[in-house]
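Subject: Handing over a structure

Hi,

Here is the structure I promised to pass on to you. Have a look at it first, and then read on for what turned up in it.

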Amino acid sequence: MSVDFAPLRKILELEHKKGYTDSAVIGGLDKFLNKWAVKSMGAITDPQSQKQFHRLRLVNSNYTSLSREQRTEWVNEVLGFLSEVEHPVDKKVEVKPTPRVHRLSSKPGVRGAGTGLSLNSPITVIKGISQNLAAKFGKLGVSTVRDLLYFFPNRHLDYSQRKSISQLTEGKEETIIANVWQAREVRLGGRRSTEAIVGDETGNVRVVWFNNPYLVKQLATNKRVVLSGRVVMFNGRPVFESPEWELAEERELVHTGRLVPLYPLTQGLKPRQVRKLMKGAVDQWAYKMEDCLPPELRERCNLLELPEAISQAHFPEDEEVKDRARVRLAFDELFLLQLGVLSRKRQWQEGQPGSPFAAKTSVLQTLLNSLPFELTVAQQKVLREILADLGKPIPMSRLLQGEVGSGKTVVATAALLMAAANEYQGAFMAPTEILAEQHFTNICHLLSRAGHQEVTEDYLHSYSGLLPRLVTVALLVGDIKEARKQELQQLILEGEIDIVIGTHALIQKGVEFARLGLTVVDEQHRFGVTQRSALRQKGFSPHVLVMTATPIPRTLALTLYGDLDLSVIDELPPGRQVIKTKWLKPRQRESAYAFIHRQVAAGRQAFIICPLVEESEAIQARAAIAEYERLSQEVFSELKLGLLHGRMSAAEKDGVMRRFRSNELNILVSTPVVEVGIDVPNATVMLIESADRFGLSQLHQFRGRVGRGKEQSYCMLLSENPSEISRERLDIIEKVQDGFELAEEDLRLRGPGEFFGTRQSGLPDLRMAKLSDVALLELVRSEAIRLFEKDKTLEKPEHALLAKELARVWTTEAGEMS
């Protein structure tokens, strides 16, 4: 037989996949069936097959009028006939129709993917991807077939709503199906281009493709085309300018007439080319993806199957299923993240016994009694939680959140003193040298109030009156001279130093501890999982306390730090001043400068934050330098100004900050790199340029740089032309001082990426998950805990695929689990 049944089978399988909605081909199935049947009838010579063919009524199928059940039955009947004629059997043997599930499960990916190939094969196994093209995809982080399936579009253009030519509207993205009446090469703007006239039953329209003369040969007269793109008016008539196009053949549309994906590109990759390759890859490979979620979990949460979700994320049937696909893929990301951090916590706490600290109440009381204030209720609660953890034989793993000025350092000092009282060493790690120095100064100040300073050497102080022996504190930072650094490292190794304060230097190979019992990490979002893990390995299994002043909503904290128990200091000490915050209009700029002049004349200091420039750090630095020079020469010429930006070395930044802290500079002009936690009690004014470009939490962090001393402090927000959402943000920051409330608002208004980088060092990347989707975060966490309680090690057979995927994600994307 010379009849090609493949197009008919493909269309019917697509119709099944689309749920028998008569949407497999543009114009409906009846039209396609009639055309195909007329063309094929004459080629069927076997009388029995001819009789069966006529019985199927393909020429006058009337599919449109059938119910869903009738359509299902009819499609199965046709596919049964196709199986018979494509695979003839002995006529004496009765041929029963193939069961629907088997016939319709032969999805493109299963048939198309060759033997010996896998999802880990290089993308060059995909038809159309050469080594040269693979290198370009490599720049986008795509090297394997799996990478390509997870190379999701940035967004989709909605070309799914068909119009007739008479309904076209200027300025809108429109889709039409029309006949080509004429196509010719023309010169437009001095460049060779293509012009076509196309028409439907309601009229004709002109179409132009600039700088593309090659389409003429493809747009033959009387061909039917689908066009999707923006319509403009020219001489009072609608014109399509460079629309997407494809021939209206009996196959699924890719570039037009649907939700069309727009992918990330790099030099040498074109949108149409990438789309075509992605369609082929998804059709061929998506259905080879194994679904790692247990079926009962998937059903309970009403999630799409993974192959379907991947397919619909790329080439969705409609907005509803596209959103369901995103939810399924986001669920996977967050679920694997959550299982990973829960596993890490279990491995850490169960895999290595901890060092329980005995409660040394008298030592703790000596410290607390020496304070010039009483701990707040929140501080007392958090301290009890930490001391309870320290007394257990499993290592503590706790995140301590607290606003700037809420008293985290006091709590951390108490914990470090408990370690020393139990003959263990404590390590305190800060993100920058200047913050490490600040913590060294503050902790030494607290200890000197509680005891007596006996030894004062470079980077080392010792105190009596706290323990039966001296308590020794050392600072270890990068710019210490090598000889002194080696001396300190030797003292740490010999156990002579109780508390070591430093930066990343503490996780370098040269630093070894005698008995590390507690590590405190400040400003956790500046440190990744890997650094934390490296510090843990310095001791047998030290307790870990992580601190941050960045307010993180509880759900988000539990997602990103599911391996840590959560403590929150949610109240400020009594008498803590409210920083007066005012959003100023552009015309009030001069009065803002005058206010800074008055504050400096009264002996105070000020910060000025330069606008956030998106392009690059280099451009941002240049903009900051220009602003610094303008302010120095034109506005504050009689004052001393300093400049801080991201292109400066750590030593240069530290030098500027030291001069500002010691009041050698009146005003510090800075890009948004101004260090978290920097303590300058004499600074009372924070002026933020282009405040509408920052998130609420970032504005709150800037505001927290002032108000550290006794004098009333002020935060002024300048904004030239804020959008409606920016106005809402500026209204909120004026009224609200609570960082946690602001963080919740930030999530609501603009998502977490602005105030908290979602790409954590050591955590898998999140491509589809929105961390602002609190309902999904909570669902994922509850499901992860539910599964974890049943099968902590994922050893049950039904969790084998999940265990495999968890190992793959955490190994390939995040490094070894710590």
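A polar contact here is a pair of N or O atoms within 3.5 Å; within protein, one of the two must be able to donate a hydrogen and the other to accept it. With that in hand, look at Q312: a polar atom of its side chain lies 2.8 Å from the backbone nitrogen of E317. Q312 sits in helix 11, which covers residues 306-314. Is Q312 buried or exposed? Q312 is buried, with a relative accessible area of 1%. Apart from its neighbours within four places in sequence, Q312 is in contact with E317, V321, K322 and A325.

Please keep in mind that this is a predicted model. The mean pLDDT of the protein chain is 81, and 84% of its residues reach 70 or more. Over residues 751-762 the pLDDT is below 50, although this stretch has 37 contacts in the model beyond near neighbours in sequence. The pLDDT is also below 50 over residues 813-818, a stretch with 20 contacts beyond near neighbours in sequence.

Now for the overall picture. The protein chain has 818 residues, and buried residues make up 55% of them. Its secondary structure comes to 27 helices and 23 strands. Among the contacts with a separation of 6 or more, 71% are between residues 24 or more positions apart.

Let me walk you through some strands, starting with strand 3 (residues 191-200). Strand 3 is joined to strand 2 (residues 173-188) by nine bridges, and the two run antiparallel. In this pair, R187 has R192 of strand 3 as its bridge partner. The hairpin of strand 2 and strand 3 has two residues between the strands, and G189 takes a positive phi near 60° there. Strand 3 is also joined to strand 4 (residues 203-209), by seven bridges and again antiparallel. Here G199 has N204 of strand 4 as its bridge partner, and a hairpin of two residues makes the link between strand 3 and strand 4. Seven of the ten residues of strand 3 are buried, so this strand is largely enclosed by the rest of the structure.

Next comes an open sheet of nine strands with mixed pairing, in the order 11-12-13-14-10-15-16-9-17. Which strands stand at its edges? They are strand 11 (452-457) and strand 17 (565-569), each with a single partner strand, so one side of each has no neighbour in the sheet. Neighbouring strands of this sheet are turned by 20° against each other on average, direction ignored. Strand 9 pairs with strand 16 (residues 543-548) in the parallel sense over five bridges, and L400 stands opposite M547 in strand 16. Helix 14 (residues 377-390) packs on the sheet, where it touches strand 9, strand 15 (516-522), strand 16 and strand 17, and its direction makes about 155° with that of strand 17. Helix 17 (residues 482-493) lies across strands including strand 10 (425-429) and strand 12 (460-464), and runs at about 140° to strand 13.

S406 is buried, with a relative accessible area of 1%. Leaving aside neighbours within four places in sequence, S406 is in contact with Q379, I569, E571, L572 and P573. Helix 15 has 14 residues and reaches 20 Å from its first C-alpha to its last, close to the 20 Å expected at 1.5 Å a residue. Of those 14 residues, 13 are buried, so helix 15 is largely enclosed by the rest of the structure. Just after helix 15, E423 takes a positive phi of about 65°.

There is also an open sheet of six strands, with parallel pairing and the order 18-23-22-19-21-20. Strand 18 (580-584) and strand 20 (641-644) stand at its edges with a single partner strand each, so one side of each is left without a neighbour in the sheet. The twist averages 15° from one strand to the next. Strand 18 and strand 23 (residues 714-718) pair over five bridges in the parallel sense, and K580 has Y714 of strand 23 as its bridge partner. Helix 20 (residues 589-601) runs at about 165° to strand 22, whereas helix 23 (residues 696-703) runs at about 150° to strand 22.

Enjoy exploring it!

Best wishes

How values were computed: Residues are numbered from 1 along each chain as its sequence is written. This is a predicted model: local features need pLDDT of at least 70, side-chain atom pairs count only at pLDDT 80 or more; totals for chains, interfaces and linings use all residues. Side-chain values use heavy atoms; hydrogens and water are left out. Buried means under 20% relative accessible area, exposed over 50%, partly exposed in between (1.4 Å probe, protein chains only). Contact means heavy atoms within 4.5 Å. Two strands pair if DSSP finds at least two bridges between them. Helices (H or I, at least four residues) and strands (E, at least two) are DSSP runs, numbered from the N terminus. Axes are lines fitted to C-alpha atoms, for helices over the stretch in contact, and angles run from 0 to 180 degrees between N-to-C directions. The expected span of a helix is 1.5 Å times one less than its number of residues. pLDDT is the predictor's confidence in each residue, from 0 to 100.
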